Amino acid sequence: MIPYLARLLDITMNNCTLPGDWKRATVIPIHKGGDRPLVTNYRPVSLNSVVCKQKEHVRASYLRQVWDKNDWLYEDLHGFRPGYSCESQVIAVCQDIADSLDNGDKIDVFIVEFSKAFDLVPHGLLLTKIANSGVDSRVTVWMKEFLLGCAQRVRVGGQLSEEVRVTSGVPQGSILGPLLFLAYVNDIWRNMESTIRLFADECIIYRKMINNEDMEKLRKDLDRLGEWAVKNAMKVNPSKRKAIRFTRATVMDPLNYSLIDTLIPEASSCKYLGIILCSDLSWADQVNYTVKKVWKALHFTTRVLKKGNSNIKILAYMSLARTSDS
């Protein structure tokens, strides 16, 4: 089959076309947590053609090569990139905060998450950004064919929904989807004076507060972030916005920042990428949270495997309780 598949992939590359079956996807809803009856608590993952995924691997490799060569991707854009993981993002953010506290400064931090970000990406604007990233024009044409005219249906159990056209978004579960999303949000940092970092659809923006001028600059950057979100059809998740001031001072002035004409709620601690950050950067809450998770997993395995042999208990401990602290 390899020569035939190679010929098929070669035709799609040279003619910038895709077979119709490659543009049809079956969406499997994956539960993220919370109430199961709520549709918003599910992540849609698209099952696409396996052969098409091979072609996506080729395109993704080319895009990474070109973008690395011309240094196009924003340096503080983490996720879906080699060497830019969740851990690297958390370490960079915590190090910046710790350096400020060690110098006796205070730093205002805002955590923002875009709602349904992967599904809202406008195809036209995405293709324009890709075309301006330095890639070959034929790749842009192929991307257009890959994104436009697609259809999907949802499978729950053994039931399939009716097929509908996909008019926006990048397919979750595909090879190219995450990389295309990075290309779409890559310009979010432009005109920003404060530090802004992204991990997929989670954005964190912060600045040291030396004087009132820093506060005004941060407010302007939040306005720029709101303008970017409106221009790029991104919606801010209202329940995932937090403002927190990191300082070791005992008395703190209340924070008064807004994003898209909505006051950002203030908090003394927040959860960012699975890590609980307190306003004094102490780790007591994170340690207690982790210990509770481990004990919960340990009690579960002890109760279920009460009569199991020692080998099974060790395997369950290493698989469930031990991994709960990650």
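The structure is a predicted model.

**Arg-248**

- Arg-248 lies in the loop that runs between strand β11 (242–246) and strand β12 (258–259).
- When neighbours within four places in sequence are set aside, the residues in contact with Arg-248 are Leu-101, Asp-102 and Asp-280.
- For Leu-101, the side chain of Arg-248 reaches the backbone oxygen at 3.3 Å.
- Between Arg-248 and Val-90 the separation is 158 residues in sequence, and their C-alpha atoms are 20 Å apart in space.

**Helices α2 and α6**

- Helix α2 spans residues 50–69 and helix α6 spans residues 137–147; their axes come within 12 Å of each other and cross at roughly 140°.
- The crossing of α2 past α6 is left-handed.
- On the α2 side, the contact is made by Cys-52, Lys-55, Glu-56, Arg-59, Tyr-62 and Leu-63.
- On the α6 side, Val-139, Trp-142, Met-143 and Phe-146 make the contact.
- Sorted by class, the contact between α2 and α6 comprises seven nonpolar and three charged residues, with no polar residues.

Note on methods:
Residues are numbered from 1 along each chain as its sequence is written. This is a predicted model: local features need pLDDT of at least 70, side-chain atom pairs count only at pLDDT 80 or more; totals for chains, interfaces and linings use all residues. Side-chain values use heavy atoms; hydrogens and water are left out. Axes are lines fitted to C-alpha atoms, for helices over the stretch in contact, and angles run from 0 to 180 degrees between N-to-C directions. Helices (H or I, at least four residues) and strands (E, at least two) are DSSP runs, numbered from the N terminus. A crossing is left-handed if the near helix is turned anticlockwise from the far one by less than a right angle, and right-handed if clockwise. Contact means heavy atoms within 4.5 Å. Ala, Val, Leu, Ile, Met, Phe, Trp, Tyr, Cys and Pro count as nonpolar, Asp, Glu, Lys and Arg as charged, and the others, Gly among them, as polar. A polar contact is a pair of N or O atoms within 3.5 Å; within protein, one must be able to donate a hydrogen and the other to accept it, and residues adjacent in sequence count only if both atoms are side-chain atoms.
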